[in-house]
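Biologist: Can you walk me through this model? I'd like to start with the helices.

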Amino acid sequence: MGVAQLVVPFTGERFARSDRLGDLIAPPYDVIDAKTRDELLSRDPHNIVRLILPEGDGDKYQHVAELLHEWRKTGVLVSDEAAGVNVVQQTFTGRDRGSFTRTGLIAAIAVEPFSTGRVKPHEKTHEGPKEDRLALLRATQTVLDALLMLTRDDSGALRTELARVTREPPLCTAA
């Protein structure tokens, strides 16, 4: 399997209201405490935190599956018309480094054994979070979290293409 077959386009979903994206997105689930979760939900009842960090009594994963179905049915979330790869830019202000911009892709990646050596783990994940994310995936049949991955770009071809694409106006911003 070549690199072109490792990273592939996919048909994604997005919030229909891209003008309010800042009210609808959240940091990764594993850095959200109870106070932050409440703050995110106060921004908008459709904040993604409601899906990625479920709470409640009973089967919270089944509840997320039902909520996801409702959001799709009522148009809160819409499917992309075709498979694609999304380019994302995020600007951060570091503690001592000033501001910097990270540019990347949202794409699908093939699942393969670590023994192939092409995809390497970057951290040791505890059993509890693994079981939690697997239960959420099984209930929703949807990947709700993005994984941050790095790749070599020795030729600079990826960097060049990303620079070209990001000269165009963005589809939406979270500002």
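Modeller: This is a predicted model, so local features need pLDDT of at least 70, side-chain atom pairs count only at pLDDT 80 or more, and totals for chains, interfaces and linings use all residues. Residues are numbered from 1 along each chain as its sequence is written, and side-chain values use heavy atoms, with hydrogens and water left out.

Biologist: What span should the 14 residues of α6 have?

Modeller: At 1.5 Å a residue they should span 20 Å, and the end C-alpha atoms are 20 Å apart, which agrees. The expected span is 1.5 Å times one less than the number of residues. Helices here are DSSP runs (H or I, at least four residues), strands likewise (E, at least two), numbered from the N terminus.

Biologist: Which residues of α6 are buried?

Modeller: D132, R133, L136 and T140. Buried means under 20% relative accessible area, exposed over 50%, partly exposed in between (1.4 Å probe, protein chains only). The four cover an arc of only 90° around the axis, which puts them on the same side of α6. That arc is taken from the directions from the helix axis to the C-beta atoms.

Biologist: And what is exposed on the other side of α6?

Modeller: E131 and R138.

Biologist: What do the buried residues of α6 pack against?

Modeller: α4 and α5. Contact here means heavy atoms within 4.5 Å.

Biologist: Switching to α5. Which residues are buried there?

Modeller: Y61, V64, A65, L67, L68 and W71. They cover an arc of only 165° around the axis, which puts them on the same side of α5. The face turned away carries exposed H69 and K73.

Biologist: Where do the buried residues of α5 pack?

Modeller: Against β2 (13-15), α4 (49-52), β3 (77-79) and α6 (127-140).

Biologist: What happens at the start of α5?

Modeller: A side-chain oxygen of D59 comes to within 3.1 Å of the backbone nitrogen of Y61. After the helix comes G75, with a positive phi near 85°.

Biologist: Now the core. How many residues are in the largest nonpolar one?

Modeller: It has 21 residues, and F15, L51, I52 and W71 have the most contacts inside it. α5 gives the most to this core, with 5 residues. A nonpolar core is a set of buried Ala, Val, Leu, Ile, Met, Phe, Trp, Tyr and Cys residues joined through side-chain atoms within 4.5 Å.

Biologist: What is W71 in contact with?

Modeller: Leaving aside neighbours within four places in sequence, W71 is in contact with F15, P45, H46, N47, R50, L51, V76 and L77.

Notes: Polar contact = N/O pair within 3.5 Å; in protein donor to acceptor, adjacent residues only side chain to side chain.
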